[in-house]
Amino acid sequence: MARTILLPIDLGNPTAPAAALNEALKLLDPEGTLHVVAVLPDYGYAQVSGFFRQGYEQEALKALGKALSSWVAENVPEGVAVHPHVLHGTIYDEILRAAGKLEVDLIVIGAHRPEFSDYLLGPNAARVVRHARQSVYVVRT
């Protein structure tokens, strides 16, 4: 059993996080801590930010924080030590950075069934698996 688990979730896909959460709860030590993270992707290029109104990014982060807190309250059973975290940046980089900063034992991450294109250019879950210093448990959704 793991003492600390990082569970990255995509709130844009409401059914996907459930499977990963169930597995994380099975693997979590009864006295352990679950860190649930949601990542707001950055603009990527400075030129792109000009297409958004002033303050949009801060509003989006605040909205994501509320959505994450609601998801945690609705889905994580009472009695589980859980901490929600909103991150901002490149998804896989932020997940890896949080895993190191929070000193987690295990990352539990959901991944869709692989398609041919995934073998050519891996999605975020594949990058986390390749670069994480912690063990990674991939849950197929």
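From the N terminus on, the elements of the protein chain follow the order β-α-β-α-α-β-α-β-α-α-β, which amounts to six helices and five strands. Helices (H or I, at least four residues) and strands (E, at least two) are DSSP runs, numbered from the N terminus. The model is predicted, and local features need pLDDT of at least 70, side-chain atom pairs count only at pLDDT 80 or more, and totals for chains, interfaces and linings use all residues. Residues are numbered from 1 along each chain as its sequence is written, and side-chain values use heavy atoms, with hydrogens and water left out.

Of the 141 residues of the protein chain, 36% count as buried; buried denotes under 20% relative accessible area, exposed over 50%, and partly exposed in between (1.4 Å probe, protein chains only). Contacts, defined as heavy atoms within 4.5 Å, were also examined by sequence separation. Among contacts in the protein chain with a separation of 6 or more, 78% are made by residues 24 or more positions apart.

In soluble globular proteins, nonpolar side chains tend to be buried together. A nonpolar core is here a set of buried Ala, Val, Leu, Ile, Met, Phe, Trp, Tyr and Cys residues joined through side-chain atoms within 4.5 Å. The largest nonpolar core comprises 22 residues, of which Ile5, Leu7, Leu34, Val36, Trp71 and Val108 touch the most other members. Two or more residues of this core are given by each of β1 (2-8), α1, β2, α3 (56-75) and β4, and the largest share, six residues, comes from α3. Leaving aside neighbours within four places in sequence, Val108 contacts Ile5, Leu6, Leu7, Pro8, Ala20, Ala24, Leu27, Tyr137 and Val139. Another core, of 15 residues, lies apart from the largest one and has Leu87, Ala99, Ile109 and Ala111 among its members.

His35 is placed in strand β2 and is buried, with a relative accessible area of 9%. When residues up to four places away in sequence are not counted, His35 touches Ile5, Leu6, Leu7, His83, His85, Leu102 and Val104.

Three salt bridges are present in the structure, each requiring a side-chain nitrogen of Lys or Arg within 4 Å of a carboxyl oxygen of Asp or Glu. One of them joins Arg3 to Asp29, with the closest N and O atoms 3.5 Å apart. This pair links distant parts of the chain, since Arg3 belongs to strand β1 and Asp29 to strand β2, 26 residues apart. Arg3 counts as partly exposed, at 46% relative accessibility.

The other salt bridges lie within helices. An α-helix has 3.6 residues a turn, so residues three or four places apart point the same way. In helix α1, Glu23 and Lys26 are three residues apart, about one turn of the helix, and their side chains meet in a salt bridge (3.2 Å, N to O). Glu23 is buried, with a relative accessible area of 19%, whereas Lys26 is exposed at 55%. In helix α4, Arg97 and Glu94 are likewise three residues apart, about one turn of the helix, and form a salt bridge whose closest N and O atoms are 3.0 Å apart. Glu94 counts as buried, at 13% relative accessibility.

The buried residues of α4 are Glu94, Ile95, Leu96, Ala98 and Ala99, and what covers them includes β1, β2, β3 (81-89), β4 and α6. Glu103 is exposed, with a relative accessible area of 63%.

Pockets were identified on a 1 Å grid over the protein atoms alone: a pocket is an open set of points where a 1.4 Å probe fits, with protein on both sides within 12 Å along at least five of seven lines, and lining residues have an atom within 4 Å of a point. The largest pocket has a volume of about 540 Å³, the volume being the space filled by probe spheres set on the points, which are joined across faces, edges and corners. Its lining consists of 23 residues, of which Pro8, Ile9, Asp10, Gly110 and Asn124 lie nearest the centre. At least two lining residues are supplied by each of α1 (16-27), β2 (28-41), α4 (91-101), β4 (106-111) and α6 (124-131). By class, the lining has 16 nonpolar, six polar and one charged residues; Ala, Val, Leu, Ile, Met, Phe, Trp, Tyr, Cys and Pro count as nonpolar, Asp, Glu, Lys and Arg as charged, and the others, Gly among them, as polar.
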